[in-house]
Amino acid sequence: MASNRGGVSAVPVSNRARLRRAREELYRGIILDAAESIFAEHGFGAAKMQDVATVAKVSTSTVYGLFEGKEALFDAVHARRGLELLAAIRDQPSALSEPLDRLLGGVAAYAGYLMEHPDYLRMLSHVNAWADLRLLESQGQVDTSQRGMTLVSRAFARGIAEGVFVAEDPELMTRLMHAAHQVRLLDWLAQGMRVPPAEVVRRLQRELVCMFCPPDRIVALLTARALLDP
């Protein structure tokens, strides 16, 4: 039992450490949410750590105590969202075994996640081209994008081998798909997010089929997946 000599509570070191870690994780989450909103509004260059602290309702020293600087904070925002995004893409029904259906499911998870987190999508809007890793400002975003693009390229390669997709460079197809997503999702933002997310996902899925499947199979593939406009 912990002693209480001299009126000072002797909390076990292990408990104090757990409390400290829990408090740090709480502050970390609050600060990351605040940073995401600041980076979304101002972009990396114009964002200020003081503004993040103000939005998070913590001191600037607390922010610097958890993150070395603005670059580390920016990278942490991307790393957190990137892990969640990859998890959402991978968490698809195991029944989706066909390459096309796996990609369509991935599109739904990817786009759905970004539309559920519009501040993060606004952060991405400051990047000129999502499909060009050289233009990304965060190593965390580069790592996540590279892993995601590898998954997509493998699905395209498998689909090409099975005749589901036209014969083209899978890596180029992946970049083209990302470019189309950027245009569609940023237009959704620019239009005030009025279009229901489910409809945006449907349009992205239809565009994927039209862009990459053999022309003589497009109508049948769209019809089978209820993606053909009436």
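Proline 170 lies in helix H8 of this predicted model, where helices are DSSP runs of H or I with at least four residues, strands are runs of E with at least two, and both are numbered from the N terminus. With a relative accessibility of 21%, proline 170 counts as partly exposed. On this scale, buried means under 20% relative accessible area, exposed means over 50%, and partly exposed is in between, using a 1.4 Å probe and protein chains only.

Leaving aside neighbours within four places in sequence, proline 170 is in contact with Ser153, Phe156, Ala157 and Ile160. Contact here means heavy atoms within 4.5 Å. The C-alpha atoms of proline 170 and arginine 154 are separated by 7.4 Å, and these two residues are 16 apart along the chain.

The model is predicted, so local features need pLDDT of at least 70 and side-chain atom pairs count only at pLDDT 80 or more, while totals for chains, interfaces and linings use all residues. Residues are numbered from 1 along each chain as its sequence is written, and side-chain values use heavy atoms, with hydrogens and water left out.

One of the contacts of proline 170, Phe156, is found in helix H7. Phenylalanine 156 is buried, because its relative accessible area is 0%. Not counting residues up to four places away in sequence, phenylalanine 156 touches Leu103, Phe165, Pro170, Met173, Thr174, Met177 and Phe212. The C-alpha atom of phenylalanine 156 is separated by 43 Å from that of tyrosine 64, and the two are 92 residues apart along the chain.

Arginine 147 also lies in helix H7, which covers residues 139-161. Arginine 147 counts as partly exposed because its relative accessibility is 38%. With residues up to four places away in sequence not counted, arginine 147 touches Leu83, Leu86 and Arg90.

Arginine 184 is found in helix H8. Its relative accessible area of 23% makes arginine 184 partly exposed. Arginine 184 touches Val200, Arg203, Leu204 and Glu207, again not counting residues up to four places away in sequence. The C-alpha atoms of arginine 184 and alanine 161 are separated by 28 Å, and the residues are 23 apart along the chain.

**Positive phi angles**

Methionine 193 is not a glycine, yet it has a positive phi of about 55°. Methionine 193 lies in the loop between helix H8 (170-190) and helix H9 (197-212). Its relative accessibility of 32% means that methionine 193 counts as partly exposed. Alanine 226 is not a glycine either, and has a positive phi of about 55°. Alanine 226 is found in the segment after helix H10 (218-224). At 57% relative accessibility, alanine 226 counts as exposed.

**Cysteines**

A disulfide is a covalent bond between the sulfur atoms of two cysteines. The rule used here asks for a pair of cysteine sulfur atoms within 2.5 Å. By this rule the count is 0 disulfides. Cysteine 210 is in no disulfide, and the nearest cysteine sulfur, in cysteine 213, is 8.3 Å away. That distance of 8.3 Å between the sulfur of cysteine 213 and that of cysteine 210 is too far for a bond. The table gives the exposure of both residues.

| Residue | Relative accessible area | Class |
|---|---|---|
| Cysteine 210 | 41% | partly exposed |
| Cysteine 213 | 2% | buried |

**The whole chain**

The chain has 10 helices and 0 strands. Its radius of gyration is 22 Å, whereas a compact globule of 230 residues would have one near 17 Å. This radius is taken over C-alpha atoms, and the globule rule is 2.2 Å times the number of residues to the power 0.38. Along the principal axes, the C-alpha atoms fill a box of roughly 85 × 45 × 35 Å.

Of the 230 residues in the chain, 41% are buried. Among contacts with a separation of 6 or more, 62% are between residues 24 or more positions apart. The accessible surface is about 12600 Å², and 55% of that surface belongs to carbon and sulfur atoms. Accessible areas come from the Shrake-Rupley method with a 1.4 Å probe, and for residues only the protein chains shown count as cover.
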